[in-house]
Amino acid sequence: MSESTSVMTRERAPVAVREPAPVTTPRRARRAPGKPLTWVYALLILGSAVMVFPFIWEVLTSLKTLSGASSVPPQILPDPFTTRAYTKVFDTLPFWNLLGNSILLTVIRTLGQVLLCTMAGYGFARFHFRGKNVLFIGFLAVLMVPGQLFLLPQYEIIRELGLLGTIPGIALPGLFSVFGTFLLRQFFQTLPMELEEAARLDGANEWQIFWRVMLPLAKPGIIALTLLTALWSWNDFLWPLVVSGSVTSMPLSVGLSLLTDLRLRDDALLMAGALLSSLPMIVVFLVLQRQFIQGIAFTGTKG
Amino acid sequence: MARLRGREAAPRRTAAQLSRGRAWWALLFIGPAGLGLAVFYLWPIIRGIYLSFQDVGPFGGETFVGIDNFIEVFAEPDLGRALLNTLLYAAICLIGIPVAMIVAVLINTKGLKGRGLFRVLFFLPVVTMPVAVALVWRLLLNVDYGVLNLSLRAIGLPGVAWLSTPVVNMVVIAIVGIWMGLGTQIIIFTAGLQGIPDTLIEAAELDGAGPVRRFVSVIVPLLSPTTFLLSVLSVIASMQVFDLIFLMIDPNNPAQSQSQSLVSLFYAKGFLQHDLGAAAAIACVLLAIILVLSAIQFRLQRRWVHYE
């Protein structure tokens, strides 16, 4: 009884939203056409505006003059319209060099991590040997540890190897990932055992079973890990900041941060640099949005 | 041919031989990644904890100093403030979770058009470089000519020095952090929503529950495992905040020394002052705090998380 009264009172409040039908009519639960959806649209459009406005402002500012970017009252549209800031990005930063480094680092880390994690994930899912669980739990503990604890010893190792300030030095620790191994292991575990047996009866060896039979079946997991690793690598900041040292091995993320050190603050320049540096990953996302979103969803449900 | 050989060979091998053969294959599959993980992740944990008890000279000489590094960092006023800043940041970031849940429910409303577009728009900041995010928001929040302050002044309110007022700047940067991570949380909530059977929601609908009531009494409890997962992940991630603070609060900012996170302090100790022992001690403190906070969350989950 108290149940129904509370429903009644809750129903009263948004009068404008729903038709004021009495609770006793069982079929009234069908939506009043259009009305609640109007509210949903209104809220979502408002939210989207908050998400998108900074990007719009970024683009507009990047096309303004030095004084136009910081004028009061603000210029909404660039006046005059100029690509000066973009030219200046290329003059101030070795942009192509940084872009090349970012691409190289992303390709190396993504390919390496996906291959190694897939193999290890398969190994943990499909083979049984003594100490496997202990080893696996040991690796999982790593997931709890903040990245900074690894950072100093990783830095020491890279220094000892003489790889400070080099692309391989920045890329090396990122070839390995507990998270990726765990994600792929979850995938391989769900595949039916019969497939493996059938392939074995056909005389395939373990590598052939892995490469020809299991790998194609784990494709959604592999695509997810590929995109997540690429995204992480492209945006990674602290590690390359510490290891790169100079522009020769620096990725875009670190290079971009150098623009803030300029004596004269040029907001148009900063926005042009920010846009150029994030654009490649945004384009990849817009092309592969379904796979990206699927990949994130996997990490929530499987990870 | 290969097929024939396989069939002949199989019965001749004993079970033990077979499993020994399999063990070699297991080594082949796990070995390369296992070695790398051991060298770059397991060993660094041991080494990092070890370093926190050492005084490391500028050229690498190490002497055992017990808990001196911890005493040193705790004695500094910077650490207490960095700790409070980081906890404040992490606490505010949690507000993003209910926001993401509401947006996820809205985006998944039946009959909504343009769902794909909304999802893309909310996800856009996730794929944007954090450095770029920091630069854009720094401009929007600029005290003199940022859009936010200019809008406030336009309606007669005073502007706020968002980034150079201690505490206020942490709150603001945390909101930027929420803005940046909302898309991921929305996607994970969407996956959780798809796990809720339609029949349950229809049953509530037939019982006369309106949209708000359905959300509060059906959807929120059924999503609680997802909410829990996201809150654990959110705390772990936001305790490690660095990029946004490092880039939004530059060295010229008058509040810079009061606006450090634990990781910015770690970076300053380790890579600017080259005091590796103290930096390792800060990382250990961070590890301990994350473990404690995660343990508390796991403890509390019994009170509010419903598993089917």
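Chain B contains 14 helices and two strands. The complex is a predicted model, and the predictor assigns to it an ipTM of 0.85 and a pTM of 0.84.

Chain B has a radius of gyration of 26 Å, whereas a compact globule of 308 residues would have one near 19 Å. Along the principal axes, the C-alpha atoms of chain B fill a box of roughly 90 × 75 × 40 Å. Buried residues make up 41% of the 308 residues in this chain. When contacts in chain B between residues at least 6 apart in sequence are considered, 70% of them join residues at least 24 apart.

The two chains meet through 82 residues of chain A and 88 residues of chain B. On the side of chain A that touches chain B, helix 2 (residues 35-62) of chain A gives the most, with 14 residues.

The surroundings of A:M271 may be followed in detail. Apart from its neighbours within four places in sequence, A:M271 is in contact with A:E58, A:T61, A:S62 and A:A85 in chain A, and with B:V136 and B:L139 in chain B.

Chain A averages a pLDDT of 82, with 87% of the residues scoring at least 70. Residues 1-34 of chain A stay under 50 in pLDDT, and the model has 27 contacts beyond four places in sequence for them. Chain B averages a pLDDT of 85, and 92% of its residues score at least 70. In chain B, the lowest confidence is found in helix 1 (residues 2-12), with a mean of 43, and the highest in helix 5 (residues 96-107), at 94. Over residues 1-13 of chain B, pLDDT stays under 50, and the model has seven contacts beyond four places in sequence for this segment.

In chain A, the peptide bond from A:D79 to A:P80 is cis, with omega near -5 degrees. A:P80 is located in the loop between helix 2 and helix 3 (84-92) of chain A.

In chain B, B:V167 has a phi near 70 degrees, which is a positive value in a residue other than glycine. This valine lies in the loop between helix 8 (147-154) and helix 9 (168-194) of chain B. B:V167 counts as partly exposed because 13 other C-beta atoms lie within 10 Å, and a residue would be exposed with 12 or fewer.

B:H274 likewise is not a glycine and has a positive phi, of about 55 degrees. Its place is in the loop between helix 13 (262-272) and helix 14 of chain B. B:H274 has 12 C-beta neighbours inside 10 Å and therefore counts as exposed.

Technical notes
Residues numbered from 1 in each chain as written. Chains lettered and ligands numbered in written order. Predicted model: local features only at pLDDT ≥ 70, side-chain atom pairs only at ≥ 80, totals over all residues. Helix = DSSP H or I, 4+ residues; strand = E, 2+ residues; numbered from the N terminus. Rg over C-alpha atoms; globule rule 2.2 N^0.38 Å. Buried ≥ 20, exposed ≤ 12 C-beta atoms within 10 Å, placed from the backbone. pLDDT = per-residue confidence, 0-100.
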